[in-house]
Amino acid sequence: MTRPATGAPYASWIFLILFVLTPLTAYLWPFGLAAFTPIAAILLIPVFRPERPDLVWAALVALLIYALVSVLWSPVFADQGVVSDYADAERQTWAKVVLNLGLYAVLVGVATRLPGRTMRRLAVIFMVGAVLLSAVLAFEGLTGTRLYHLLTTWSGDAMRPDLERRNVAQGTYSLALMYWPAVTLLLRRGWRRAALLLTLGAFSAPLLLGTWAPFVALIGGGVAYWLVRVLKDRASVVIGASFAAVILLAPWVVLMCEGLFDWAGARLGASWAARLDIWSFTAEQTLRHPIFGWGLDGSRAFLPFMLHPHSAPLQIWLELGLVGAVLLAVVWWLLIQRAGRLGPQAVAAAATYFVIGGLSFGMWQEWWLGLAALTAIWCMVANVGVEPNFEPVIEA
């Protein structure tokens with residue numbers, strides 16, 4: 001961020017297109033973020049100017065290197081070796097993680113150097129996209145995904161109502177990550193009605209569509225936002241330490257709560273009962289290899305019982321053991337300190353991502369990692385013109 005980058009108009013157009021596509025993709029094809037986000041990064045490689053890695057990227061690289069080393073003892077790769085069977089993409093997590101980290105370093109790195117005029121345009125596109133996405137998802141929740149059904153029927157790709165509901169509900173995760181940066185921008189500009197519409201949609205859509213994790217994560221983000229307002233600079237320390245503790249203690253907490261899980265599973269329905277069983281099973285298997293873990297993608301060794309633990313802290317323990325858990329705790333500590341410099345909306349967005357990751361998804365999924373990069377960029381867009389240390393250095 002100390003010298004101008006070249007190719008500013010070209011990079012600006014790439015980000016403008018990406019910001020237009022993101023809410024559409026979140027609604028129509030959430031997993032498409034695994035395609036559009038890397039493609040944007042690939043197109044930005046010619047204008048990327050690498051800087052000396054900071055502590056956040058250094059910690060991520062350290063975690064990546066250890067994950068790659070762990071492939072040597074991962075049962076998933078034991079039979080045929082790490083580079084065999086390229087036709088089976090799911091067995092190439094090690095390669096995808098390398099590409100993701102490299103490409104998203106390009107994406108975020110170029111974003112920090114965009115022209116101020118571009119960032120302001122991106123802010124408008126982002127706000128409009130977030131409000132429209134929240135309105136559409138809330139409408140779908142109220143009408144039983146009527147609009148999505150019409151679109152899929154018209155395209156000749158009609159499906160069962162439960163699958164339609166599941167696909168539409170997937171967009172609530174993207175919306176939850178958009179919420180705090182977007183509502184901050186809206187309120188800063190005095191667009192209170194739009195902020196209210198965004199809030200109603202962001203909080204109601206997950207409930208209407210049956211996805212509890214985004215709703216819980218939004219509340220967690222609100223707590224983080226409040227802590228930053230109340231504790232000021234100390235909030236980053238408190239929140240960062242809390243996240244690190246959650247990561248380091250996750251399997252032991254689950255083991256202590258197995259009785260509670262049995263009681264809750266009988267009352268929360270089949271989906272949550274299955275997830276609680278997976279968490280208990282994961283914690284128990286962690287005890288078999290607690291220091292170095294089972295190795296990258298080791299979760300797949302327990303198919304068909306589970307594909308992954310649906311919890312990043314538990315997955316890191318299962319696959320990478322104590323070493324991986326410590327590295328991930330360091331990553332989150334540093335990320336929260338960085339987010340604290342951007343403002344409460346960035347800390348809240350980071351907390352939202354952390355909570356969702358603790359309750360859902362495999363942590364190596366490309367679309368989910370792409371959302372992490374986009375969330376960082378959304379927080380930068382929401383901060384333009386407020387924090388001088390993060391104002392883009394290129395002027396249009």
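**Close-ups of a predicted model**

**View 1. Phe 36 is partly exposed, with a relative accessible area of 28%.** (Buried is under 20%, exposed over 50% and partly exposed in between, using a 1.4 Å probe and protein chains only.) This is a predicted model, with local features needing pLDDT of at least 70 and side-chain atom pairs counting only at pLDDT 80 or more, while totals for chains, interfaces and linings use all residues. Residues are numbered from 1 along each chain as its sequence is written, and side-chain values use heavy atoms, leaving out hydrogens and water. You'll find Phe 36 in helix 2 (residues 33-44); helices are DSSP runs of H or I, at least four residues, numbered from the N terminus. Leaving aside residues up to four places away in sequence, Phe 36 touches Leu 18, Leu 21, Thr 25 and Trp 29 (contact means heavy atoms within 4.5 Å).

**View 2. Ser 174 is buried, with a relative accessible area of 0%.** Ser 174 belongs to helix 8 (residues 171-188). Again not counting residues up to four places away in sequence, Ser 174 touches Ala 26, Leu 33, Leu 371 and Trp 378.

**View 3. Helix 9 meets helix 10.** The axes of helix 9 (residues 192-209) and helix 10 (residues 212-231) come within 7 Å and cross at roughly 150°. Axes here are lines fitted to C-alpha atoms over the stretch in contact, with angles from 0 to 180 degrees between N-to-C directions. So helix 9 and helix 10 are roughly antiparallel (an angle over 145 degrees). On the helix 9 side sit Ala 202, Phe 203, Pro 206 and Leu 207, meeting Trp 212, Pro 214, Phe 215, Leu 218 and Ile 219 of helix 10.

Technical notes
Helices (H or I, at least four residues) and strands (E, at least two) are DSSP runs, numbered from the N terminus. Angles under 35 degrees count as roughly parallel, over 145 as roughly antiparallel, 65 to 115 as roughly perpendicular and the rest as oblique.
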